[in-house]
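Here are a few exercises to work through with the model open on your screen. Try each task before you read its solution.

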Amino acid sequence: MSRTDIGPPYFKDMLPPVIKENYGRWKYHEILRPGVLRHVAESGAEIYSVRVGSARLMTVDRVREICDLADKYCDGYLRFTSRHNIEFLVSDKNKVEPLLRELKEKGWPVGGTGNSISNMIHTQGWIHCHTPATDGSGIVKAVMDDLYEYFVDMKLPAKLRIALACCLNMCGAVHCSDIAMVGIHRKPPVIEHDIVSKQCEIPTLIASCPTAAIRPNPKLKSVEVNEERCMYCGNCYTMCPGMKIADPENDGVAIFVGGKVSNARTPPMFSRLAIPYLPNNPPRWPEVTAAVRKLVEVWARNARQGERYGEWIERIGWERFFELAEIPFTDKHIDDFTFAIPTFRTAATFKW
Amino acid sequence: MAESRTPLLDELEKGPWPSFVTDMKKLAQRKPAVQDALGQLEMSYRDKKGHWKHGGIVGVRGYGGGVIGRYSDVGDVFPNVAEFHTMRVNQPSGWFYTTEKLRQLCDIWEAYGSGLTNFHGSTGDIILLGTVTQNLQPAFDALSEAGFDLGGSGSDLRTPSACVGPARCEWACIDTLDICHDLTNTFQDELHRPMWPYKFKLKIAGCPNDCVAAVARADLSVIGTWRDSIRIDREAVREYADGGLDVERAVVNRCPTGALSWNAEKKELGLKAEECNRCMHCINMMPKALCPGVERGATLLIGGKATILQTAFLSWVIVPFMKLEPPYEELKDLLRRIWEWWDENAKTRERVGELIYRKGMREFLRAVGLPPAPQMVFRPRANPYYFWWPEELEGNGHKEQG
């Protein structure tokens, strides 16, 4: 029997010597160029980090490719960032340029630092999830292809964090991103009573509904749905495979904007609905990629230097944002869920 | 040339961003599971829907979580992904690796799984995608042999994660990596054996920039901060100004509390330390010149989660400042008290934030023994509907009358 509860490998065994020696004693850092950071310790020691975008979904072969590069240029040390980037940790200054050359030859994108778009946080989608309303890796690939110039350069007013969750469960916790794509359903679940009665725990299923739209159907040992109350979150399907929520004709992607997690200047903010629905259009989701690009560029054109997406909108007002972004404002944009009231305007001050 | 079996996915081989399709196609040449995973994904692209069923219960000996069961609903067409389970493997703090360790993982997953991975999952684990039930135990045995362990899944402590911290960041006010490692090891049972109402996430950020999104994504968010004054290197400030940074416009005018002032003539930055709310903006703008103070610790916040079920929450301040030094007993004790109260009071699938919303912050604070503080709220209540504790009233209030 193998050992259990041994915990993760000890991180200190994973650190390059220069990090071990200067642990907790870093003095400052600078971004030498997009994707290249230089951290300087109090001792004067330095380490160079080269940030590279990855697909997150990688084969062991690709991970080994990354290892080959880290062996060659980083004495075998690397890390990943909280946004799925790879960071090559280069202790020898003279190896930075050769690494960058080889990364370029091999087609790895270097960037994601400073006023750029970093890699996209995202979820599994159709490759491995059982409740997706859209794909993960495919849309990410299409969007990042399109926004590539903003990853490899730092020409935006501030940093821009884009994320995607393939259903409302939001495993990617996209709700505080500058731009967030969320897979959505638009119709109530179709109930398969034989599955519900055989495979599902009815009380748990009923409790899973945020709007109390599900009630028991004792005759069928199943449930029924008050369709007027259902807002298609799919939580019932997460609990019970008999609540078929997926609907290829109507599922799609919503886009939220203006969230952040950093405390810099303004407190963390939720992303808010900009575009209620775009169609699922694989393999490259042209409507979604075009909408995201437009959202990026309207901010880039109009925001002040250093202003995050949500800070920009809060300054100019959402009514102005919808106008500038050329997005029609609909009844979908006005909240009618649990905490709606504080979003209603209680002042006579607004713009036209 | 034979017609491609994945004409839709082939479109994702174009463009400058790394293509998972190209990557998978190469591995598919020697891994039938990857071949079939591509086939099924192509089918999803055609049908515009997923083809995975709800997971059955699968696992490894001694664990209640860490493995996600996954079965294809088109297993007859793609038999090599009929079973396609995920293993969550606990990452080292800060996602640091040696290539030796990564190669060991690759070899294990080549031998016992599909060879598909995520670096990393949303919670922070290494995700090993796709294997069959009978390979789970051998894969785990090999992982354990190599010094890896499983992460969390289901209603348990989910794998804690931390930002890069003091390993490579001058702003880390706490040792995020050590705290993450220590808590993960202290709470192995909570991590590996689901026993709670629902999941509980724990993330540790070294400063208020919160690079691990702790405030949005963790039930308990630990965010490094300091209590004394920002430290200023006046010479370095001057260098920024001389180097072309418009200190007044880009730094001083954007200070949210007006704590900074600028003497353009002398190129001197003034700071009213007591007005600073530690947002990090000025430090972010001038990392060579400004840095956090020396009295360091963390702000603890509770309740962060995504939208399901009642709404999304950002975490709420419950401890404005706590010193965090090994062995972090004060934090661990607080966590145990929080879990005890939540476990006793929550309904199934009720996150701790939702429970606090239902029961009231007042009840929560009393139950876990935390004193109220003005730092916990943006502003106090505007309604007169508040409760009194019996001991706060003369003659024990209504209870005596009843």
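Two strands count as paired if DSSP finds at least two bridges between them; helices (H or I, at least four residues) and strands (E, at least two) are DSSP runs, numbered from the N terminus. This is a predicted model: local features need pLDDT of at least 70 and side-chain atom pairs count only at pLDDT 80 or more, while totals for chains, interfaces and linings use all residues. Residues are numbered from 1 along each chain as its sequence is written, chains are lettered from A and ligands numbered from 1 in the order in which they are written, and side-chain values use heavy atoms, with hydrogens and water left out.

**Exercise 1. Find where strands of the two chains pair up.**

Step 1. Start at strand β4 (residues 57-59) of chain A, which runs antiparallel to strand β6 (residues 116-119) of chain B, with three bridges joining them.

Step 2. Now trace the open sheet of six strands, β1(A)-β2(A)-β3(A)-β6(A)-β5(A)-β5(B), paired antiparallel. β1 (26-33) of chain A and β5 (96-98) of chain B each have a single partner strand, so each of these edge strands has one side without a neighbour in the sheet. On average, neighbouring strands here are turned by 25 degrees against each other, direction ignored.

Step 3. Zoom in on one pairing: β1(A) and strand β2 (residues 36-41) of chain A are antiparallel over six bridges, and Trp26(A) sits opposite Ala41(A).

Step 4. α4(B) touches β5 (77-80) of chain A and β5 of chain B, at about 85 degrees to β5(B). (Axes are lines fitted to C-alpha atoms, for helices over the stretch in contact, and angles run from 0 to 180 degrees between N-to-C directions; contact means heavy atoms within 4.5 Å.)

**Exercise 2. Describe the interface: how many residues of each chain are in contact, and what area is buried?**

Step 1. Count residues: 111 of chain B are in contact with 115 of chain A.

Step 2. Get the area: the chains bury about 10200 Å² between them, 60% of it on carbon and sulfur atoms. That's the accessible area (1.4 Å probe) that two parts lose on being put together, summed over both. Trp17(B), His54(B) and Arg168(B) supply 10% of the area that chain B buries against chain A, more than any other three residues.

Step 3. Follow Arg168(B): its side chain meets that of Glu87(A) in a salt bridge (2.6 Å, N to O). The term asks for a side-chain nitrogen of Lys or Arg within 4 Å of a carboxyl oxygen of Asp or Glu. Between the two chains the count is nine.

**Exercise 3. Which parts of chain A does the salt bridge of Arg308(A) tie together?**

Step 1. Find the partner: Arg308(A) pairs with Asp178(A) at 2.9 Å, N to O.

Step 2. Arg308(A) is in the loop between α9 (286-302) and α10 (309-316), and Asp178(A) in the loop between β7 (162-165) and β8 (179-184), so the bridge links parts 130 residues apart in sequence.
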